[in-house]
2 protein chains.
Amino acid sequence: MIDRDKFLKAKKNMLDEDTIFNVSNLYKVFSDETRLKILNILLDNELCVYDIAELLDMTHSSISHQLKVLRDMKLVKAHKHGKNVYYTLIDDHIERIIKIGVEHVNEK
Amino acid sequence: MIDRDKFLKAKKNMLDEDTIFNVSNLYKVFSDETRLKILNILLDNELCVYDIAELLDMTHSSISHQLKVLRDMKLVKAHKHGKNVYYTLIDDHIERIIKIGVEHVNEK
DNA sequence: ATTATATATGAATATATGTTCATATGTGAG
DNA sequence: CTCACATATGAACATATATTCATATATAAT
């Protein structure tokens with residue numbers, strides 16, 4: 001260690017463990033291609049599991065599992081209409097997070 | 001499937017596979033607690049591996065491995081000074097991404 | 001030159017996680 | 001009421017990945 005002042009300043013600005021845990025968990029959601037696709041689709045639309053599975057060309061089971069993750073993270077909400085369950089986004093951070101990500105990778 | 005127009009509109013707005021892949025990989029970086037801590041520390045400071053390991057109370061090896069991930073993702077750059085290797089952030093998206101994440105989890 | 005220090009890295013291990021498969025639940029149609 | 005359809009979910013499996021351990025490299029100090 002070289003500079004004691006710099007070291008202490010850095011220590012002071014560290015985020016607490018809870019915040020780190022929660023933020024990393026939030027971004028874990030966006031780190032999976034399937035979930036990212038689902039969230040991006042739901043930006044513009046309210047869709048049911050069946051439609052999402054069709055759009056992504058994946059099994060309904062797989063989509064359903066991932067929607068559960070998104071529900072648990074309180075990023076989407078569901079409402080039933082007949083046999084179908086329609087999903088919509090809850091959080092307005094989602095759009096910003098996707099936009100920044102896309103912006104970032106497009107700059108390369 | 002219920003609404004053909006809605007379905008087609010959704011299909012049109014889907015991100016291409018490359019973008020999805022790259023964005024998910026970007027957020028994979030932020031989904032690990034150690035990497036998130038490192039990036040957050042580097043927001044305000046230029047620090048060497050030794051300091052980072054001390055601050056996070058982790059092995060130098062572990063930190064070094066994660067710094068390699070960050071280098072490979074072109075989020076940090078390194079410059080040598082004597083025995084030490086100092087790391088700094090390359091990208092200005094990093095701060096925005098961390099800030100939105102923190103903002104999100106603090107709202108709950 | 002030799003030793004100590006800082007960093008990097010490959011291999012191994014343990015853990016986390018996404019998909020598949022089987023099955024259950026709930027709803028509308030006939 | 002029975003059947004088909006949409007969704008949910010637990011278990012199993014395969015894969016990805018973070019840390020540890022051992023070791024290598026580079027530089028500074030003595």
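**Stop 1**

Select residues 17-30 of chain A, which form helix H2 with 14 residues. From first C-alpha to last, H2(A) reaches 20 Å, close to the 20 Å expected at 1.5 Å a residue. Bear in mind while looking that this is a predicted model.

Which residues of H2(A) are buried? Show the side chains of A:Thr19, A:Ile20, A:Val23, A:Ser24, A:Leu26, A:Tyr27, A:Val29 and A:Phe30 to see them.

The buried residues here are B:Thr19, B:Ile20, B:Val23, B:Ser24, B:Leu26, B:Tyr27, B:Val29 and B:Phe30. They pack against H3, H5 and H6 of chain B, and against H2, H3 and H6 of chain A.

**Stop 2: the sheet of chain B**

Stay in chain B and select its three strands, which make an open antiparallel sheet in the order E1-E3-E2. Strand E1 (47-48) and strand E2 (76-81) are the edges, each pairing on one side only.

Colour E3(B), residues 84-89, separately; six bridges join this strand to E2(B), and the two run antiparallel. Then label B:Lys80, which stands opposite B:Val85 of E3(B). On the E1(B) side, two bridges make the pairing with E3(B), again in the antiparallel sense. There B:Leu47 stands opposite B:Tyr87.

Why is E3(B) described as largely enclosed by the rest of the structure? Five of its six residues are buried, so the rest of the structure largely encloses the strand.

Next, zoom in on the hairpin of E2(B) and E3(B), where two residues lie between the strands. B:Gly82 in this hairpin takes a positive phi near 65 degrees.

**Stop 3**

Show DNA strand C and the 26 residues around it. Those that come nearest are A:Ser61, B:Tyr50, B:Ser61, B:His65 and B:Tyr87. Of the DNA strand C atoms that come within 4 Å of the protein, 73% belong to sugar and phosphate.

- A:Arg35 has a polar side-chain atom 2.9 Å from a phosphate oxygen of DNA strand C.
- A:Gln66 places a polar side-chain atom 2.9 Å from a phosphate oxygen of DNA strand C.
- For B:Asn84, a polar side-chain atom lies 3.0 Å from a sugar or linking oxygen of DNA strand C.

Now colour by element: H3 and H5 of chain A, with helix H4 (49-56), helix H5 (60-72) and E3 of chain B, each give two or more residues to this surface. Which element gives the most? Select H5(B), which gives six residues.

Finally, colour the residues of this surface by type: six are nonpolar, 12 polar and eight charged.

Note on methods: Residues numbered from 1 in each chain as written. Chains lettered and ligands numbered in written order. Predicted model: local features only at pLDDT ≥ 70, side-chain atom pairs only at ≥ 80, totals over all residues. Heavy atoms only, no water. Helix = DSSP H or I, 4+ residues; strand = E, 2+ residues; numbered from the N terminus. Expected span 1.5 Å × (residues − 1). Buried < 20%, exposed > 50% of the residue type's maximum accessible area, 1.4 Å probe, protein only. Pairing = 2+ DSSP bridges. Near = heavy atom within 4 Å. Polar contact = N/O pair within 3.5 Å; in protein donor to acceptor, adjacent residues only side chain to side chain. Nonpolar A, V, L, I, M, F, W, Y, C, P; charged D, E, K, R; others polar. Contact = heavy atoms within 4.5 Å.
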